[in-house]
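These are my notebook entries on a structure that I consulted entry by entry. The sequence and the model come before the notes.

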Amino acid sequence: MTSEEAQIVWFTAWVSALSTVVIVPPGLGVAWLLARHRWPGKTLVETLISLPLVMPPVATGLILLKLLGRHGAIGSFLHNTLDFDLVFTWRAVLVSLGVMSFPLLVRSARVAFEEVNPRLEQIARTLGAGNSRVFCTITLPLALRGVIGGTVLAFARALGEFGATIMVAGNIPGKTSTLSLAIFQSVQLGQDAHAFRLLAVSVALAFAAVWCSECLLRHKRAPA
Amino acid sequence: MKMLLKNIVLPLADFTVEADVEIESQVTAVFGPSGAGKTSLLDLVAGLRRARSAFIQLDERVLTDTARGVETPTRRREIGYVPQDLALFPHLSVRGNLLYGCKKDPNPSGLFSFEHVIQTLEIGSLVERGVANLSGGEKQRASLARALLSSPRLLLLDEPLSSLDSKLKQQIIPYLKKIRDEFRLPILYVTHDAGEASALCDEVLVMERGRFVRRGKPAELFGSSEL
């Protein structure tokens, strides 16, 4: 593996991991709200969160580009007030990976939270526990396998992200080039050996992530 | 102990729980058929449900007064609750369950101390075990101990013997009598078994479709059907 390929693998792995770390707290919060509460606009929020799963990734990327670009609602604010540009930087890769993998995390965590018997949380309250203690000591530990499974799936999704990333971050070698983007570019340029080496790494990473997720979910389904 | 349940209006799917009672007995049975609204009433007292209208007072302390917007959070009510399914935390050991709500014993004689509670309920040999490895009767005692260790001012027991066979019931009833006699706690005891109510309770409130339709001493209502 060349140093350039190693850089691409390293960048893809850490930016995927970072995007997963970033989405876990809000993802768990949203999943818990969806699992445990009824509120106005809940269905709308559920639908919006799931949209990146069903929309073409390139379309999601275009929306992000329009929002985060210098003339977009968020991008212009960042540029004018903080002198901070997002698109075509590694941060844009981070945002696109986060947006695309967020629904997977929320859906898995939501199911895991829904499977926790609410009576256990209620009894914990009668024993003097407040909301945060109930969540940390009862809800989360009992939902942990599902939450970890969802987190691993979100990480695996981030590893393979292509469409949204190329729209909002481009494919700048050494800056925003991820495994998927580099494989695509190598094939376009006829660099098959380069593409196959990256493909092998990509398959290994995705296989390991999904394997971990399956093991956790199988363990969860096993009788106590 | 004096407990007021006034102006209770709690709509359920098929009927509305409506109550207006004053309770002064130490152990009071809420007696009635399944689906009469007994558990919903306990949930309301524990603060796990919100009523359309309710005034709940325990001794001098107002727990709920919807007219004045008073709703003491569940965690501050100091009410021990043993639900019908016991709700032991499956990911914790028995010790973890017991210590979850364990407070500094407010009683100088050590009445609610860890040692006294596990001794009373004879669960000393169980504390290091996982809850999945307990028998029905052991789970029952662990759940009772967990509620007692939170040093409650009121104990709510929701059909605590309904899932046990008659042999196990006979084993658990002495422990319930011990709790009644040693801890002197006011207890609301939900049951649909006249024998249990006669064995353990001073007074019985009969509930049907959300309303208290009769009240009296167990002997007056059931004759001599004690277990």
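Which residues are linked with Glu46(A) in a network of salt bridges? I found Arg110(A) and Glu114(A) joined with Glu46(A) in that network. I note here that the model is a predicted one.

I searched the whole structure and recorded 24 salt bridges over all chains. I then looked up individual pairs.

Asp20(B) forms a salt bridge with Lys6(B), with 3.6 Å between the closest N and O atoms. The pair links distant parts of the chain, for Asp20(B) lies in strand E2 (residues 16–23) of chain B and Lys6(B) in strand E1 (residues 3–11) of chain B, 14 residues apart. Asp20(B) is partly exposed, with a relative accessible area of 47%, and Lys6(B) is partly exposed at 26%.

Arg50(B) forms a salt bridge with Glu71(B), the closest N and O atoms being 3.8 Å apart. I located Arg50(B) in the loop between helix H1 (38–46) and strand E4 (53–58) of chain B, and Glu71(B) in strand E6 (residues 70–71) of chain B, 21 residues apart. Is Arg50(B) buried or exposed? Its relative accessibility is 63%, so Arg50(B) counts as exposed, whereas Glu71(B), at 25%, counts as partly exposed.

Glu78(B) and Arg61(B) meet through their side chains in a salt bridge of 3.0 Å, N to O. Because Glu78(B) lies in the loop between E6 and strand E7 (79–82) of chain B and Arg61(B) in strand E5 (residues 61–65) of chain B, the pair ties together parts that are 17 residues apart in sequence.

**Entry: a hairpin in chain B**

I looked up strands E10 (residues 203–208) and E11 (residues 211–216) of chain B, which run antiparallel and are joined by five bridges. Glu208(B) stands opposite Arg211(B) in E11(B). The two strands form a hairpin with two residues between them, and Arg209(B) in the turn has a positive phi of about 45 degrees.

**Entry: nonpolar cores**

The largest nonpolar core holds 44 residues, of which Leu98(B), Leu121(B), Leu148(B) and Tyr189(B) touch the most other members. Helix H5 (residues 166–183) of chain B gives the most to this core, with six residues. Apart from it I noted another core, of 41 residues, including Leu44(B) and Leu188(B).

**Entry: a surface patch in chain A**

Leu44(A), Leu48(A), Leu51(A), Leu53(A) and Val54(A) make a nonpolar surface patch of about 470 Å². I placed Val54(A) in helix H2 (residues 42–54) of chain A. Val54(A) counts as exposed because its relative accessibility is 68%.

How values were computed. Residues are numbered from 1 along each chain as its sequence is written. Chains are lettered from A and ligands numbered from 1 in the order in which they are written. This is a predicted model: local features need pLDDT of at least 70, side-chain atom pairs count only at pLDDT 80 or more; totals for chains, interfaces and linings use all residues. Side-chain values use heavy atoms; hydrogens and water are left out. Patches are made of residues with over 30% relative accessible area and no salt bridge: like charges are joined within 9 Å, nonpolar side chains (Val, Leu, Ile, Met, Phe, Trp, Tyr) within 5 Å. Accessible areas come from the Shrake-Rupley method with a 1.4 Å probe; for residues, only the protein chains shown count as cover. A salt bridge is a side-chain nitrogen of Lys or Arg within 4 Å of a carboxyl oxygen of Asp or Glu. Helices (H or I, at least four residues) and strands (E, at least two) are DSSP runs, numbered from the N terminus. Buried means under 20% relative accessible area, exposed over 50%, partly exposed in between (1.4 Å probe, protein chains only). Two strands pair if DSSP finds at least two bridges between them. A nonpolar core is a set of buried Ala, Val, Leu, Ile, Met, Phe, Trp, Tyr and Cys residues joined through side-chain atoms within 4.5 Å.
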